[in-house]
Amino acid sequence: MPDATDSPPVRRMSVVRGTLTLKATTCVSLRGDGAELLVAARVAGTMAAKDAARTIPTALPVHLTDAFCDLTVENAQVVCTMTVQAYARATLEAFALAGASGALLALLDAVKSQEQDATGNFPT
């Protein structure tokens, strides 16, 4: 890991986009009655981004000034765009990646009963 102690803090931003492929029927339910699941996933993404320095040993502690998690439901997938900003000496990719993965994992956990087949397995 590069030494960033002598670098002055500068305004930094990192944007990460991730996708979660789901059944089309699951995406239809997310557009209707499942909208609160998207809100919970956005909160999970924001919390994961803010907590990345504690959970990722190589991420330097940074006070994030902004963390935005946007979830878009498309035909058979959910797209997460996580944006983080801070005045920092090091880059912010770990914070954005942690936020996007946290949001998508929370959403998958919430809809997994709709994604499983009759034997309890997930389709490949």
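Me: Why is A106 called partly exposed?

Reply: The relative accessible area of A106 is 28%. Buried means under 20%, exposed over 50%, and partly exposed in between (1.4 Å probe, protein chains only), so A106 counts as partly exposed. This is a predicted model, in which local features need pLDDT of at least 70 and side-chain atom pairs count only at pLDDT 80 or more, while totals for chains, interfaces and linings use all residues. Residues are numbered from 1 along each chain as its sequence is written, and side-chain values use heavy atoms, with hydrogens and water left out.

Me: Where is A106 found, and what is A106 in contact with, leaving aside its neighbours within four places in sequence?

Reply: A106 lies in helix 4, residues 93-115 (helices are DSSP runs of H or I, at least four residues, numbered from the N terminus). Apart from those neighbours, A106 is in contact with A41 and A44, where contact means heavy atoms within 4.5 Å.

Me: What makes C27 buried?

Reply: Its relative accessibility is 0%, so C27 falls on the buried side of the cut-off.

Me: How many disulfides does a search of the whole structure find?

Reply: The search finds zero.

Terms used. Helix = DSSP H or I, 4+ residues; strand = E, 2+ residues; numbered from the N terminus. Disulfide = S-S within 2.5 Å.
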